[in-house]
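The sequence and structure come first.

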Amino acid sequence: MLEIKNLHARIADDGAEILRGIDLVVPKGEVHAIMGPNGSGKSTLAYVLAGRDDYEVTEGDIFWNGESILEMGPDERAAKGVFLAFQYPMEIPGVATMTFLRAALNAVRKKRGLKELTTPEFMKLVRAKAAELGVSDEMLKRPLNVGFSGGEKKRMEILQMSVLEPTLCVLDETDSGLDIDAIRIVSEGATKLRGPDRAMLVITHYQRLLNYIVPDKVHILAKGRIQKTGGKELALELEKSGYADFTGKAA
Amino acid sequence: MAAVQETIEQVKSIDVDKYKYGFETDIETEKAPQGLSEDIVRFISEKKGEPAWMLEWRLDAYRRWRALKEPTWAKLKYPKIDFDSLYYYAAPKGVSGPKSLDEVDPEILATYAKLGIPLKEQEILAGVRKAGEPSPNAGTSGEGHEEANGYASLAGKVAVDAVFDSVSVVTTFKKELAKAGVIFCSISEALREHPDLVKKYLGTVVPQSDNFYAALNSAVFSDGSFVYVPEGVRCPMELSTYFRINEKNTGQFERTLIIADKGSYVSYLEGCTAPTRDENQLHAAVVELIALDDAEIKYSTVQNWYPGDKDGKGGIFNFVTKRGDCRGKNAKISWTQVETGSAITWKYPSCILRGDNSRGEFYSIAISNGHQQVDSGTKMIHLGRNTTSRIISKGIAAGFSQNTYRGLVSAHRKATGARNFTNCDSLLIGDKCGAHTVPYIEARNSSAQFEHEATTSKISDNMLFYCTQRGLSEEEAVALVVNGFVRDVLQHLPMEFMAETQKLIGISLEGSVG
């Protein structure tokens, strides 16, 4: 279970406060969506959960499975099962996707006290998961994300998520910049990962992604706080009325 | 930005002293008197029992050197070298030339064993891969691979010429090489056994008065390797020279001469280390390569001289002139260098593309950390028709270091159809270091096609965060990113040395991130 308690965070460089007291609970087995206008703090929340040190937590705490993760580095959180699917995945020139996946998987397995996979075991695992997402062998040989289209990059994020077997998945605007077909492939991949031991937080601007990844709950984030929580129908309401009620500005 | 701050803190406390080859061998040496004069040149020549023409050649070089000035155009800062306080010759006592293995001083054998250079003939150097074992990178392809693979399965052996201070102490596998007609020995021995070959080629690529350091080397060079591969012979194993500076205040001036006769092929590797010392030591080598019609020479260097301590004290001053001459048609010379050591590096392995259709290549990884300064690059001089060259340079700067790529690509009037492709990438780690690219391009023939690409990037916090979010520690992340950055060049190293080099890259950048 993910528990966020009165979380305040600011940008380390200039002290600007972005998160102003977030309270949120996502039980295992559930998918929650976070929706909100630009600048509401959605991506900041994702980064703070993953442990990015450009942000400073000034108040509150984050618990994952009852344990505070605030003092942990990003790699330790990853070992605890935290995974962030990036809005803008990074390109790593010269490092084959396969090499990267293997380094990452072995790193988390080591930290989780599991033994590293042998080359044949690893290849079998990745090929099977890649096939489900329509990721070709050729793509696995190319340097990670270099020259990939927007859709390919997002598929690669979901592939990494599926290979690393996290228990807390945070998807940061996974639908941004994708056409309808790409959204469908990516969402189907993410939906397959739903399970009783996994909590998911899906961050998005638009309701359409939630047609594919149907959430148990929807939270509206604006001005650094959760303004309203409801069922999946809340997303549809928003589609009509916009965020004006929550930002204090006319749409 | 916190990660960058941490990096800087780490670099401040970096312990470059962890240089693992910094030990000293306690051995009696015989030195020439301090300083440099015609008498010292005569002393060295006499010690080596050289023919009269060689002494004259040296004296000529010495006189030219007196008239030359130290070059100051490189982006390097260092205290003035006092050439009168140096020793120009030091040899382990009782050694005047290479001997058979059982005659070599056990102290010296132990030194090389400690350095991981086995001088026993049955061993494979570095022991990375056994003969016939599949290459770890098979399938990733690359021009050099098949050749390297062919080698390992053919022989899996590397012949070594070990140079200790000023003399060559032993050369392995000589008999086996002789069967193929390949001459591989110290240059002193070559002067005695094959004087005509030496006389014919010495100084024909790097003339005595080429530059200040080359002139100095020509006057006082002590030893180095000599290779002659006869017509049509594919050298049956990798050749390598391992240079070790041991003695204090001693300059090392080695001279290497490699001749690949028509249609032959040779791959050669040099490695270098030196003890940890507070004083700077001078290393001024000259390497000449000559490739005749259809011949190919592949020359690889892994330079790991002592880089100085964390405050920039000590370390080797490395002023080296390396040049290859594609003297015949379809000749090919390929330089691959991995530069991780030295306080100062001044080095531009170059190719003269004289023969029609000849090809020159330069692949370089230059890593600087601590207070190291690197000014390195290449010259590709297109003289013949349809000559091609390729330059791939990867500079990585960390700590307080300065890393400069300096390169010249020129096409002369008759070089119709000359082509060059240059790619210079620099990677910065932290914000106290610098990377610079200084390309010179001269085309005197309108049909020349020269391409130049350059990038400078930083290992960004974004990239590190992305990797660490996937579970990698910061050090693992940097090693992964840097190895990806240099991948194009690593592929050109002989297979036996690739794994070693990857490790060396990790060690060289140790402490460069938080």
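## Strands of chain A

In β4(A), Asp61(A) is the bridge partner of Lys5(A). The two strands involved, β1 (residues 2-11) and β4 (residues 55-64) of chain A, run antiparallel and are joined by eight bridges. Strands here are DSSP runs of E with at least two residues, numbered from the N terminus, and two strands count as paired if DSSP finds at least two bridges between them.

β1(A) also pairs with strand β2 (residues 17-26) of chain A, in the antiparallel sense and over seven bridges. Opposite Ala9(A) stands Leu19(A) in β2(A). The hairpin of β1(A) and β2(A) has five residues between the strands, and Gly15(A) takes a positive phi near 75 degrees there.

## Basis of the model

The model is predicted: local features need pLDDT of at least 70, side-chain atom pairs count only at pLDDT 80 or more, and totals for chains, interfaces and linings use all residues. Residues are numbered from 1 along each chain as its sequence is written, chains are lettered from A and ligands numbered from 1 in the order in which they are written, and side-chain values use heavy atoms, leaving out hydrogens and water.

## Strand β19 of chain B

Strand β19 (residues 388-397) of chain B has eight of its ten residues buried, so it is largely enclosed by the rest of the structure. Buried means under 20% relative accessible area, with a 1.4 Å probe and protein chains only.

β19(B) pairs in the parallel sense with strand β17 (residues 359-368) of chain B over ten bridges; Ala366(B) has Gly395(B) as its bridge partner in β19(B). Ten bridges also link β19(B) to strand β21 (residues 419-428) of chain B, again in the parallel sense. In β21(B), Cys424(B) is the bridge partner of Ser393(B).

Key:
Buried < 20%, exposed > 50% of the residue type's maximum accessible area, 1.4 Å probe, protein only. Helix = DSSP H or I, 4+ residues; strand = E, 2+ residues; numbered from the N terminus.
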